[in-house]
Amino acid sequence: VNIFETADGYILEAEMPGVNKEGLEITLEGTEITITGHRQVEPLSADPLFVESRPADYRRVFELDPAIDTAKISARMDQGVLTLTLPKSERVKPRQIKVD
């Protein structure tokens with residue numbers, strides 16, 4: 001998992017080889033986000049000589065900063081990489097104050 005901070009929020013990237021959208025579950029409970037991925041390996045009609053990749057589940061739990069606007073979290077899955085966009089609440093973003 002890679003986590004980056006931007007001016008507007010955070011970006012979380014999780015590599016999940018073999019997991020597609022149907023095998024992905026993201027749940028948010030309070031300030032805790034759980035990412036679960038289910039990987040299925042298609043059976044072949046041949047006998048395996050060497051097996052390095054097996055059916056497996058991925059599960060990671062993260063405690064979110066209370067400054068994240070959980071209603072605006074978005075997710076995208078592209079070629080086995082999950083990208084979560086975790087925007088900061090407007091109340092914690094820096095802003096300019098005009099002097100009169």
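Reply: Read along the sequence, the pattern is β-β-β-β-β-β-β, and the predicted model accordingly contains 7 strands and 0 helices. The protein is more spread out than a compact globule, because its radius of gyration is 18 Å, well over the 13 Å that the globule rule gives for 100 residues. Its C-alpha trace spans about 80 × 25 × 20 Å along the principal axes. Of the 100 residues, 27% count as buried, and the accessible surface comes to about 7,900 Å², with 49% of that area belonging to carbon and sulfur atoms.

Turning to the pairing itself, three strands make an open sheet in the order S3-S4-S5, with antiparallel pairing. Strand S3 (24-29) and strand S5 (56-63) are the edge strands, each pairing on one side only. From one strand to the next, the twist averages 10°. Within this sheet, S3 and strand S4 (residues 32-39) run antiparallel and are joined by 6 bridges; Leu-24 stands opposite Gly-37 in S4.

Ala-75 stands opposite Leu-84 in S7. S6 and S7 form a hairpin with 2 residues between them, and Gln-79 in the turn has a positive phi of about 50°.

As for contacts across the chain, residues 24 or more positions apart account for 49% of those with a separation of 6 or more.

How values were computed:
Residues numbered from 1 in each chain as written. Predicted model: local features only at pLDDT ≥ 70, side-chain atom pairs only at ≥ 80, totals over all residues. Heavy atoms only, no water. Pairing = 2+ DSSP bridges. Helix = DSSP H or I, 4+ residues; strand = E, 2+ residues; numbered from the N terminus. Axes fitted to C-alpha atoms, helices over the stretch in contact; angles between N-to-C directions. Rg over C-alpha atoms; globule rule 2.2 N^0.38 Å. Buried < 20%, exposed > 50% of the residue type's maximum accessible area, 1.4 Å probe, protein only. Contact = heavy atoms within 4.5 Å. Areas by Shrake-Rupley, 256 points an atom, 1.4 Å probe, with all protein chains shown as cover.
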